[in-house]
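Colleague: I am new to this structure and would like to understand the words used for it. Could you take me through them with care?

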Amino acid sequence: MIQVYIGLGSNLGLPEKQIQAACSRLATLADTVLIKCSSLYKSQPMGPQDQPDYVNAVALIETALSPDTLLQQTQLIESQQGRIRKANRWGPRTLDLDLLLFGQQQIDNEHLRVPHAGMQQREFVLYPLFEIAPDLILPCGEKLADLVMACPINGLQKMAHSVLI
Ligand code: ROI
């Protein structure tokens, strides 16, 4: 089993419910155990500002699925929760599931790049990840704690309710 961190984000269709539902679905994947999920965080949209605030969280699963199979499964969850892929890459979405880290693997193929590009600068990824994995070291050798310290909080707020697992 490999430890995989998944970033969850939503800013449409009752975002808290979207994240909760997605976590419940992750828990039902074959050959996979949901280990934990961070608190929910409210974040400012990165990209175009004329869209609602996001709700973000990070989940840790242990899985025997391959990266590509897991990607297919997370894309299925996104589409079943009403995600419509638009030409506008950085527009609002009901659900985004990003494979952030897949053990210590570095993957770069036509479908998938892990560690997730951009995660090192995104407060809405780093802070929830740090909440559930404060001692994490990325495959590049960087300590998560150092990345968090260097990352402005940009209005990120921990929400009162967390995901039930
Ligand atoms: N902005 C925030 N705050 N949270 C996200 O999950 C998120 N996801 C995205 C873009 C459009 C880049 N902006 C985001 O895909």
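Modeller: Let us begin with Val58, which, leaving aside its neighbours within four places in sequence, is in contact with Tyr5, Ile6, Gly7, Leu8, Lys36, Cys37, Ser38, Leu100, Val125, Pro128, Leu129 and Ile132, where contact means heavy atoms within 4.5 Å. Please keep in mind that this is a predicted model, in which local features need pLDDT of at least 70 and side-chain atom pairs count only at pLDDT 80 or more, while totals for chains, interfaces and linings use all residues. Residues are numbered from 1 along each chain as its sequence is written, and side-chain values use heavy atoms, with hydrogens and water left out.

Colleague: Why is Val58 called buried?

Modeller: Buried means under 20% relative accessible area, exposed means over 50%, and partly exposed lies in between, with a 1.4 Å probe and protein chains only. Val58 has a relative accessible area of 1%, and therefore it counts as buried. Val58 is found in strand β4, and its C-alpha atom is 17 Å from that of Leu29, a residue 29 places away in sequence.

Colleague: What makes a stretch of the chain a strand or a helix?

Modeller: Both are DSSP runs numbered from the N terminus, a helix being H or I over at least four residues and a strand being E over at least two. On that basis there are 4 helices and 8 strands in the protein, and from the N terminus on they run β-α-β-β-β-α-β-β-β-α-α-β.

Colleague: How do you know that the protein is as compact as a globular protein of its length?

Modeller: The radius of gyration is taken over C-alpha atoms, and the globule rule is 2.2 Å times the number of residues to the power 0.38. The radius of gyration of the protein is 15 Å, close to the 15 Å that the rule gives for 165 residues, so the protein is as compact as a globular protein of that length. Its C-alpha atoms fill a box of roughly 40 × 35 × 35 Å along the principal axes, and buried residues make up 47% of the 165 residues.

Colleague: What makes α3 mostly covered?

Modeller: In helix α3, 8 of its 10 residues are buried, namely Glu123, Phe124, Val125, Leu126, Tyr127, Pro128, Leu129 and Ile132. These buried residues pack against β1, β2 (32–37), β3 (39–43), β4 (54–63), β5 (96–102) and α4.

Colleague: Why is Gln104 called exposed?

Modeller: Gln104 has a relative accessibility of 53%, and it therefore counts as exposed. Gln104 lies in the loop between β5 and β6 (107–108), and, leaving aside its neighbours within four places in sequence, it is in contact with Ile137, Leu138 and Pro139.

Colleague: How do you know that Arg93 and Asp96 meet in a salt bridge?

Modeller: A salt bridge is a side-chain nitrogen of Lys or Arg within 4 Å of a carboxyl oxygen of Asp or Glu. The side chains of Arg93 and Asp96 meet at 2.9 Å, N to O, and by that definition the pair is a salt bridge. Arg93, at 12% relative accessibility, counts as buried, and Asp96, with a relative accessible area of 16%, is buried too. A search of the whole structure finds 1 salt bridge.

Colleague: What makes the backbone at Leu14 and Asn154 worth a look?

Modeller: Leu14 has a positive phi of about 55 degrees although it is not a glycine, and it lies in the loop between β1 (2–10) and α1 (15–27). Asn154, also a residue other than glycine, has a positive phi near 50 degrees, and its place is in the loop between α4 (144–149) and β8 (157–162). At 57% relative accessibility Leu14 counts as exposed, whereas Asn154, at 43%, counts as partly exposed.

Colleague: Which peptide bond is cis, with omega near -5 degrees?

Modeller: That is the bond from Val114 to Pro115, and Pro115 has its place in the loop between β7 (113–114) and α3.
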